[in-house]
Amino acid sequence: MSALPLDETGDVLIKPLSAHIGAEIHGVDLTHPLTPSQVSAIRAALLKWRVVFFREQFLSHEQHVAFSAQFGELTVGHPVFGHVDGHPEVYSIAKHRKATRFEGEPIRRPWSGWHTDVTAAVNPPFASILRGVTIPPYGGDTQWTNLVIAYQKLSAPLRGFIDGLRGVHRFTPPPGAAATSEFVDAVQRRSLVSEHPLVRVHPETGERALYVSPTFLKHVVSLTARESQALLELLWEHVTRPDFTVRFKWEPGSLAFWDNRSTAHLAPTDIFDLDFDRQLYRTTLVGDVPVGPDGRASVSIEGSPVEAAAAFALN
Ligand code: SIN
């Protein structure tokens, strides 16, 4: 038995949480600027483990933004659903978010709610950084899945078939539910629809990821409606296989940092059966335009690329 890779750099401690995804990082104080070696160790861990977690980091909005800025350019809080007043880079993930709630009872499928952030944009954020502030004493866990291992675990003939396919991503309510007027207003104000490859080549590692964000991917281009639905359901069921996932139990001061190019995640719904409040805040980093194994880049069908928060502030 080999020992856990607890100390890969002599600087930060990395503790993996499952075979394929998720690691806790210890030994760093995120309220202060990181050293270059801490930045590279965290970046390496992010690429390897897809989502990394920190504990007991009680950051202000300003410190959250400053931490995020060490890894890339920040986007606006959310291109469609806005940002915290006075903090253009910070998006509030409150338990009751009016604009993202729906009416009626959605049809619940095993992949319901799983998504990769903002894939309706032609340049979805490369990473998301979520900070827990008000956390229920139990319930409210978030789950992530590794889309690279999901791709690798498909059979070679199926990988060959999907390698050249593309799909259309947009914001719509889940099947069975209806949009609220707040949702419709927000989505019409900033309409975003994009065509992405079903298989995305990771721009840093060259790995292929099964880029099939279940919430936003609506159909596969060139297939019939029935073919598209059957294929997507097969792929969505596959990407949410428990052995590709990690589940994180939040505490106040916890922070999750994920690679949005190689993961999808699931926000909790059990919190709506509990009386406890839950409040987190998220920043996202500007991403590039995905490219498929055939070298074809994603294209925008509606809307402009997600802009950096600095550019947004100038408008
Ligand atoms: C998100 O989808 O970014 C939020 C996840 C969560 O609320 O746990």
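1. Setting aside neighbours within four places in sequence, W114 makes contact with Q143, W144, T145, S213, P214, T215, T240, T245, A264, H265 and L266, where contact means heavy atoms within 4.5 Å. This is a predicted model, in which local features need pLDDT of at least 70 and side-chain atom pairs count only at pLDDT 80 or more, while totals for chains, interfaces and linings use all residues. Residues are numbered from 1 along each chain as its sequence is written, and side-chain values use heavy atoms, with hydrogens and water left out.

2. W114 is placed in the loop between β5 (102–103) and β6 (127–134); strands are DSSP runs (E, at least two residues) numbered from the N terminus. W114 counts as buried because its relative accessibility is 3%, buried meaning under 20% relative accessible area (1.4 Å probe, protein chains only).

3. W114 and H20 are 94 residues apart along the chain, and their C-alpha atoms are separated by 18 Å.

4. H265, one of the contacts of W114, is also among the residues around the ligand.

5. The protein covers 97% of the 260 Å² of accessible area that the ligand has on its own, by the Shrake-Rupley method with a 1.4 Å probe.

Conventions: Near = heavy atom within 4 Å. Helix = DSSP H or I, 4+ residues; strand = E, 2+ residues; numbered from the N terminus. Buried < 20%, exposed > 50% of the residue type's maximum accessible area, 1.4 Å probe, protein only.
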